[in-house]
Amino acid sequence: MPQQLSAKEQSLFRTVVRNYEDKQYKKGIKAADQILRRNPKHGDTLAMKALILNSQGKTEEAFALAKVALQCDMKSHVCWHVYGLLYRAAKNFEEAIKAYKFALRLEPESQQIQRDLALLQIQMRDYQGYIASRKSMVQSRPGLRANWTALAVAHHLNGDLAEAERVLTSYELTLKNPPPKNDFENSEAVMYKNLLIFEQGDIQKALEHLNSTDKSSLDRLAVLELRASYLARLGRREEAAKAYHALLERNSEYKKYYDELVEVMDINPSDQKARKSIYDEYAKKNPRCDAARRLPLDFLEGEEFREAADQYLHRMLNKGVPSTFANLKHLYSSLFKKEALGDLAHQLLTRSEDGGNADLKDQVIPLRLKSSIYYFLAQHYSYYLSRDLEKAMEYIEKAIEIDPTSVDFCMTKARIWKHYGNSQKAAEIMEKARLLDVRDRHINTKAAKYQLRNNESEKALQTVGLFTRTDTPGGPLADLYDMQCMWFLTEDGESYARQGNIGLALKRFTSVYNIFDVWQEDQFDFHSFSLRKGQIRAYIDMIRWENKLREHPFYARAALSAISIYTQMHDVQLEKCVNGDTNANNSTVGNKKTSKKSHKDFKKAERESASKNNDPNKAKAARKEEVKKDDDPDGSKLASSTDPMKDAMKFLLPLIQFRPKSIDVQLAAFEVYIRRKKYLLALKCLLASISLDKDHARVHEQIVRFKLAVDNDMSSLLPKSAEVIKSELECLLDNCSLIDFNNKYFEKNKEFASKVISALKARKLLDKDEAREGLKLLKQWNSTESENFRLKSSSKWPRALFGKD
């Protein structure tokens with residue numbers, strides 16, 4: 001039997017709960033100990049003490065005490081609830097849900113337990129369980145609108161849109177008085193119900209509902225956009241055109257409104273004059289409107305394009321708008337437009353030079369115009385579709401001569417050096433650009449990025465550290481971690497990978513992986529916040545975004561880089577097993593040296609931060625901050641992994657799930673599966689790569705490697721698996737031998753360097769005698785002929801950086 005508390009001790013127990021809620025943990029422990037002196041086996045008090053200990057960071061002690069509490073009082077809903085809270089704090093949501101469900105059996109009327117369970121169920125996307133929990137909450141408190149809305153959201157996410165709409169309608173019927181017009185929660189609920197009707201495909205009903213409730217909605221822009229969209233979908237073109245005209249009166253810079261207006265007016269795409277008249281109307285109404293002048297350039301052709309482009313260029317360059325080229329560069333996919341824009345800029349330059357010499361009083365305007373034209377032409381010739389780097393450098397030098405303090409001009413010069421291939425010179429010029437405006441975060445970021453591309457990791461950290469908090473424990477890098485600065489972590493990781501420091505490279509890529517874990521966990525707080533504030537549509541968008549979180553480009557880039565390193569580590573370890581450790585260890589010497597240096601830098605940052613925090617002039621709160629302990633600051637543990645392929649799978653699985661249409665992902669997945677001898681999965685990835693890009697250079701090499709690997713391991717395959725693989729390989733090889741298959745590929749793709757290299761790699765695998773000639777050439781690049789190769793390359797690309805190493 002559980003111990004019973006006296007009235008005084010019950011009051012003391014409520015004090016423990018209040019101290020925990022107020023985060024007064026020491027007082028809570030003290031009060032709990034007072035109860036436990038007389039009642040050492042009181043389960044609820046033991047559970048509350050465990051909860052407080054967990055909040056103090058004593059996780060293991062908290063779990064041990066919570067288990068003791070359950071042994072003392074197995075039928076206490078408080079003990080089970082606390083046990084679930086501990087598991088939730090440990091991110092073990094499955095066990096937490098089990099504990100909450102057991103607590104609910106003991107106390108089915110507890111709103112707090114029911115709410116905690118529901119939040120975990122939606123976090124784990126257990127929609128059926130979430131629906132059941134929300135139904136119980138509606139039944140217990142039917143007067144609370146948030147409960148009805150949450151139930152509708154549960155049905156919506158589960159795919160039952162009609163039931164979600166019915167739930168919202170049921171609540172509306174319970175209202176005796178209509179909500180006030182300024183009720184934000186009601187406004188969002190009305191718009192959410194309209195979204196449900198629309199997603200069911202009943203456009204007419206959605207329009208009728210919108211018209212009947214538009215006065216209840218505070219989001220007037222959403223109402224106007226939805227009405228215009230519904231009218232267009234229903235084919236009511238005149239009304240839709242009026243609606244889009246009204247939207248353009250509000251915002252004439254939004255491209256989507258123009259596109260939809262042209263569509264509902266049923267203008268023939270070949271009728272350029274009629275389409276342009278729409279844009280001209282708003283260009284006259286809004287003299288400062290850019291979209292009405294820029295967007296017609298997308299569809300105009302011939303002389304009409306030249307005329308409109310000339311007016312646009314003159315207008316923008318005369319104002320000195322730095323983003324002019326950025327607004328126009330995607331037109332360069334058309335050969336005519338690319339050449340026309342270059343010719344027009346040259347003509348404009350000629351006119352400006354003539355005008356500038358005519359009247360000395362107006363020299364200021366021509367100079368500004370000239371510098372803008374030089375800047376545009378430099379970007380024009382630096383762009384990959386119209387590249388002529390000599391001309392680009394000539395024009396940017398002229399622009400800098402006119403305005404030597406322009407950050408934009410200096411940045412473009414650095415970008416040109418980058419295109420030359422000279423990362424060192426590009427980083428130097430970008431640093432000069434940064435010094436022209438040391439308060440600009442954008443140019444600071446660019447300078448740090450170029451330094452990382454030049455493998456100047458420490459210098460880049462110092463540069464970006466100028467915009468981090470100076471009092472952060474652990475220095476600038478710790479602040480970048482806290483700010484989740486993924487671009488820096490990714491670039492820094494790639495820089496360390498190029499330097500051969502795989503420990504710090506993996507450390508950075510793992511940090512990016514952890515950031516996405518944090519984003520996944522951060523949604524937990526919004527499950528209750530969004531419903532409490534009534535922001536339902538934004539909440540639905542967030543849930544859908546979170547469901548495909550790891551298809552984000554930053555994750556893909558970091559994950560692919562990490563997988564590449566892990567596959568190299570696996571190959572090195574395999575080579576050690578074959579050849580012994582003597583030679584293989586030499587490749588990690590530089591990595592160890594860099595790791596030691598990085599460890600020293602980390603300790604130095606800790607000491608500097610500690611000295612700053614010990615400053616007596618600093619606030620006490622700042623001195624209380626402690627440096628977060630990192631048990632692997634240099635990534636040495638990651639670099640010494642005994643199972644790299646298992647670590648690679650952690651990065652790979654989300655990529656396969658969320659980015660199956662990326663050939664880079666399929667190629668990387670093949671590399672992992674072929675090393676793990678998962679031949680069916682490797683074949684699946686190989687076939688996916690062929691369907692995405694059959695002419696990719698690495699696909700050919702992987703076909704050859706797959707055939708060789710399967711032939712060597714055929715005895716270990718199941719008969720059905722071997723039969724499937726054999727039939728697929730026959731189709732891929734076109735019933736040829738591997739040597740004939742490779743020779744045909746080589747002859748067909750002699751003009752493509754990447755494909756020739758792929759064929760040579762395959763030839764090396766197939767027959768060393770046939771590959772001897774190619775291997776001899778490759779070896780020469782690292783022996784007596786390497787210097788001649790460097791000199792010839794330097795003569796062909798004199799501005800590029802070709803090192804002697």
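Author: The model is a predicted one. For the setting, the protein chain has 805 residues, of which 45% count as buried, and its secondary structure comprises 44 helices and zero strands. Among contacts in the chain with a separation of 6 or more, 60% join residues 24 or more positions apart.

Helix α8 covers residues 127-140, and its axis lies 9 Å from that of α9 at an angle of about 160 degrees. Angles over 145 degrees count as roughly antiparallel, and α8 and α9 are therefore roughly antiparallel to each other. The crossing of α8 and α9 is left-handed. On the α8 side, the contact is formed by Y127, Y130, I131, R134, K135, M137 and V138, while α9 supplies N147, W148, A150, L151, A154, H155 and L157. Ten of the residues in this contact are nonpolar, two are polar and two are charged.

The other partner is helix α30, residues 536-547, whose axis comes within 12 Å of that of α9, residues 145-157, with a crossing angle of roughly 35 degrees. Here α9 passes α30 in a right-handed crossing. From α9, the residues T149, V153, H156 and L157 take part, and they meet I536, Y539, I540, I543 and R544 of α30. This contact divides into six nonpolar residues, two polar and one charged.

Note on methods: Residues are numbered from 1 along each chain as its sequence is written. This is a predicted model: local features need pLDDT of at least 70, side-chain atom pairs count only at pLDDT 80 or more; totals for chains, interfaces and linings use all residues. Side-chain values use heavy atoms; hydrogens and water are left out. Axes are lines fitted to C-alpha atoms, for helices over the stretch in contact, and angles run from 0 to 180 degrees between N-to-C directions. Helices (H or I, at least four residues) and strands (E, at least two) are DSSP runs, numbered from the N terminus. A crossing is left-handed if the near helix is turned anticlockwise from the far one by less than a right angle, and right-handed if clockwise. Contact means heavy atoms within 4.5 Å. Ala, Val, Leu, Ile, Met, Phe, Trp, Tyr, Cys and Pro count as nonpolar, Asp, Glu, Lys and Arg as charged, and the others, Gly among them, as polar. Angles under 35 degrees count as roughly parallel, over 145 as roughly antiparallel, 65 to 115 as roughly perpendicular and the rest as oblique. Buried means under 20% relative accessible area, exposed over 50%, partly exposed in between (1.4 Å probe, protein chains only).
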